[in-house]
Amino acid sequence: MDVVLPKLLLVAWLMPLASFAVISIAYSVPQFLGVKVRYATQKYAAYLAIGAIVGGFVLSCIGLFGYWLPAHSLHAASHAEGESEGAGEHALATPQPIGKNSVRLVAFDAEERLEDHSAASGIQHAEGSRAEHNNGPPPSMTGDWYVLGIFGSLRLTIGYYIDTLTVVMFAMVTLIASCVHIYAFGYMHDELHDYTDHEVKLADGHHLHRPGRFHRFFQYLSLFSFSMLGICISGNLAMTFVFWELVGICSYFLIGFYIERHSASTAANKAFIVNRVGDFGMLIGLMAIWTTMGTFNFGDMPGENGATQAGIFSQLHQAENNYKIAPTDGMIAFEGRNRIAEAVRNAGTTEPAAMQAAAATEVARLRADEPAKWGHWVLFIAGVGIFCGCVGKSAQFPLHVWLPDAMEGPTPVSALVHSATMVAAGVFLVGRVYPLFSAEALLVIAVVGCITLFIAATIAVTQMDIKRVLAYSTVSQLGFMMLALGLGGWLAGLFHLITHAFFKSLMFLCSGSVIHAVHSNDMRQMGGLRKKMPVTAYTMLVGCLAIAGVGVPFLAGFSGFHSKDAIVEQAMSHWHHNARSGVSWLLFVVPVFSAALTAFYMFRLWYMTFAGEPRDHHRYDHAHESPRVMTGPLVLLSVFAVCAGWGLPAFMPGPLANFSIPNLLEQARPVGTLISKPGVYLSGLLIADEHIAHEPEMFRAIKMPAGIAAISAALLGIWLATEVYLWRRLSAEKLGNALRPLYQLSWHKWWFDELYDLVFVRPTHAVSGFIAAMLDRGLIDGIIHTLAWLFRGFAVMVSVLGDRLVIDNSVDGFAEKTWNFGLSLRSLQTGRLRQYVMFLVVATVVLFLVAGFWKLALAG
Amino acid sequence: MEAPIYWPTFFFLLFSAIACAFAVAVVVTPNIVRMAFYLVLSLAATAGLFFLAGADFVGAMQLMIYVGGTLVLLVFGVMLTSQDRFISMKTSGFELGVAVTLGVCLFVVLAYCARSIPEWHGMKAKQVSAVPLEPTAAPLGMGLLGARVDGPDRSGYLLVFEIISVHLLVVLVGAAYLARARGKKNLLVE
Amino acid sequence: MNSLVLASLLTEPVGVSHYLVVGAVLFVCGVVCMATKRNALGILMGIELVLNGANLNFIAFGSPYLREASQTLGLDGQLMSLFVIVLAAAEAAVALAIALNFYNSFSTIDVDRADQLKG
């Protein structure tokens, strides 16, 4: 398995790249060179891309069910079912395959560490009654495929870190991407002939007419899938960053697919630039990690001569320390560098080894004496820095503004961006580097997620553009995920990521189907479409029920019910553990309120679109159900949206036993998350262990109120939406007027765009305008113009004096002389044979005479 | 002091006189047909000089190729190209004068060179009579086939012989091509 | 010295220089012939004379009767003169062909009329 699985995933990963390359070479390059690509052949590009991604999905499934699960069997303990799980089971769940290209390290070599661990463990606060047994690293495989470069001790590699999360993400991403690919085959058929873009008006009043770009769409989709899979399988942060940016550029291409539309090109720019802001923070995080840990690898890698090179995770969570998070020596040395320098000076030696020993002793002393003081700040910076990148990618407050604008891309792209690829990347990365986050960093994540989910939910309530409602809903749901991750609910957050991917892609594809039918995004022009397009309507309804989290409490429900329940439970657990702080209830109340808003705006969307009477009869009459190639993926996704939260019982055969997404994810639980993390700087803070919420004794305190709150919020939201938009007992206009300021706030998206425009864009414009006018035009242009004037004068002088007088005269003179010489020679060429003979004779005689004279002169 | 006449020298003087005299006659006569005739005599006399120098085969070739072949060719040329009988094209006296003057100068230079080397003035009669009289046809044939019999370190001329043969063939074909009548093509077309 | 040579002209064997002088006469005659004749065939004859003069020189240099055998060219001289004869024949053929062609084109063989390539 440890040989086959990486290769399997490698092939699954590279297949979209191959598809991208083939389409580029076969279609885009000829088109770029001016060859007209026939539309009939562009279909084959789509078949190729679809084949690649479906093949990737099949390989991922083979990897998951054929190789991973047989080696790592699932255990029945699933906290989603409310059962308690003993810590000892995690040791069982940790198999020990050690292959030649996979390294598993449960215990870390102690010899390499210099400090006293028993002293270092004093950093941890007393844990109360909880068992002091933490979980070790999850089963994983690591290795390098290709070394990009070695700079000193920095190895930049294309490597892999495969754990259950990777495999699950592979299956999820390829599945959704496959659905989107197939759907797009129907959706994008407009591009299979010359395309008239009705949203672009040219200067002469006509609409833009351009060749179709069917193949290019699939080309980008392939690259997009490849990049996202690269993030999933990436074995180190440097590689992650590379694919991170690749995902960014792909989203840029796809959002700006209708590049001729001004709104599309600006939206693409906005997405790209806003992401750069987040990536700047991520770069800082990368620098902090590199400086203090000396590696970018997630897992442990085989080093030179059999030793292992500890990855980020095992450097921070050591077995001697009960896998609790502790700053590395590098972090302590970085913060206490003045103290260490002093200690080395005091040691009074100039021998390098002795100086190093003195420094190491000082580091150990700092760790022992003042455990709470040293190293945590860098750890916090590293975590928050990485999280900054995720804020940009996953559209968290305050960088959420790009995501709604990204609706300018074709709808299948929106579905992919919003579910499986772009925004999922941020949440996935937070989940991936979860062991890196200290308690304070996690709190930052939770707060950011909480703000995001609230703002986005309030905005979504009033939007009229069907895709914008979904976009803000995505932002809000991403906030839920971040909140869950930040509150210690690693599994809850990633579980929600996966369930959300299913129902959000479903809803986006449904909205695409609607837009395809009515040629409008505006919900005020829809209504009653249920009768015209039943498949779309009812699959959409499934999606709405799933995102609202409808289900029977403590039993079963739509997929969103399970994941949202887990999040709310974790929020409740957090409140329970941090009741003293006085504000921790906000992190529970706001999500629950937003969950009600979620249910409200989703059903508002459904009622306005599919129920009631048609508002625009012209559009209604032309509406029609989409072709099967589009409805097929909808049905498939709706099945997943319903049952992604369910699990299979234990008596199922083979790898299917106990199969459920939470169980799968539980297997990949990051190292050191089974003990609550106490804050270092915020002494009252405790990031609760996720399993506490499911312990039977906590049922009354946490699980029951959380479950009831979640389901009642959902039902309340649905009821309110039904009241207003279906039964119309309450008027939406009156409500809007009654809550005018709130309505305005929501309708204008909290004036974020205006605020950023005022705070960042306009000052930048002003400053750059000033600089352009003063510095550029005034100073630099002045200097350049003066220089140009001087050079021009000089050049004129040189041209008159040097060129015309000297060079022209000499060249002309030479040419004239040559000409005249040729003319004079011409008279010699009489064409008379006899004269030539005479010349020969004369020449001979003269030669003899000269030779004779020479001889005489020499002899004389 | 009166020495007997050395007869080879006598014949040398005779043949050279004929050769030189008719060469001058070729220059002097304006009539093309006479020129051809004088040239024949001059070349034949030269063949005699070759025999005197011991080159029997070359002399024979001189007679056969030059006198027998080349000059017949020339006479044909004369007959083909002369519109009027005995046509003559006069050269101006000035040109003639200049040419003769230059010719005399060239002759003086050449003769001076020829006489200026003592080793070239000839051997004694005894030395000459000591040289055996040998036919040269067979050694020449061997030389043309690549084997030298007169000296081991001298190279043969097989390659040159071959090249000359091919060259001759090419020249004859080319000459035939060049000389064919122009109008024939037009006749064919009509 | 010269008078001595003239005196012994009939009584002594001739040497290379005698042949060279005769060759020079033929050569100069050929050259003058080329320089003065306007008839293309006359020029051809001049060339034949020039070649013949040169041939005579080759024979003289190769002859064992005219100077010490060790200094002579041996058979090389005769071989060279053979080649010259052959080439002269070839040249005569080509030149005659050219002359005929020229005559067909211009109805004359006056070489002074053949000046179309004049610069």
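Mentor: Across the interface of chain C and chain A, the rule finds zero residue pairs in polar contact, where both residues must be at pLDDT 80 or more. A polar contact is a pair of N or O atoms within 3.5 Å; within protein, one must be able to donate a hydrogen and the other to accept it, and residues adjacent in sequence count only if both atoms are side-chain atoms. This is a predicted model, in which local features need pLDDT of at least 70 and side-chain atom pairs count only at pLDDT 80 or more, while totals for chains, interfaces and linings use all residues. Residues are numbered from 1 along each chain as its sequence is written, chains are lettered from A and ligands numbered from 1 in the order in which they are written, and side-chain values use heavy atoms, with hydrogens and water left out.

The interface of chain C and chain A also has zero salt bridges by the rule, a salt bridge being a side-chain nitrogen of Lys or Arg within 4 Å of a carboxyl oxygen of Asp or Glu. On the side of chain C that touches chain A, the largest share, four residues, belongs to helix α2 (residues 16-36) of chain C. That side consists of six nonpolar, two polar and five charged residues. In this classification Ala, Val, Leu, Ile, Met, Phe, Trp, Tyr, Cys and Pro are nonpolar, Asp, Glu, Lys and Arg are charged, and the others, Gly among them, are polar. Helices (H or I, at least four residues) and strands (E, at least two) are DSSP runs, numbered from the N terminus.

The extent of this interface can be given in two ways. By contact (heavy atoms within 4.5 Å), 13 residues of chain C meet ten residues of chain A. By area, chain C and chain A bury about 930 Å² between them, with carbon and sulfur atoms giving 62% of it. Buried area is the accessible area (1.4 Å probe) that two parts lose on being put together, summed over both.

Now consider chain C and its other partner, chain B. Here 89 residues of chain B are in contact with 79 residues of chain C, and the buried area is about 7,700 Å², 75% of it from carbon and sulfur atoms. The rule finds one salt bridge across this interface: R148(B) pairs with D76(C), and their closest N and O atoms are 2.6 Å apart. There are also 18 residue pairs in polar contact between chain B and chain C, both residues being at pLDDT 80 or more. Several helices of chain B, including α1 (7-28), α4 (93-115) and α7 (158-179), each supply at least two residues of the side that touches chain C. The largest share of that side, 13 residues, is supplied by α3(B). Sorted by class, the side of chain B facing chain C holds 61 nonpolar, 19 polar and nine charged residues.

Chain C itself has four helices and zero strands, in the order α-α-α-α from the N terminus. Of its 119 residues, 65% are buried, meaning that their relative accessible area is under 20%, with exposed being over 50% and partly exposed in between (1.4 Å probe, protein chains only). Among contacts in chain C with a separation of 6 or more, 54% join residues 24 or more positions apart.

Chain A has 30 helices and ten strands, and 55% of its 860 residues count as buried. For chain A, residues 24 or more positions apart account for 78% of the contacts with a separation of 6 or more.

Two of its residues illustrate such packing. L9(A) lies in helix α1 (residues 4-32) of chain A and counts as buried because its relative accessibility is 0%. Leaving aside neighbours within four places in sequence, L9(A) touches S60(A), I162(A), V167(A), F170(A) and I233(A). T536(A), in helix α20 (residues 534-548) of chain A, is likewise buried because its relative accessible area is 0%. Beyond neighbours within four places, its contacts include C510(A), F610(A) and L634(A).

Finally, 20 of the 24 residues of α17(A) are buried, so this helix is largely enclosed by the rest of the structure.
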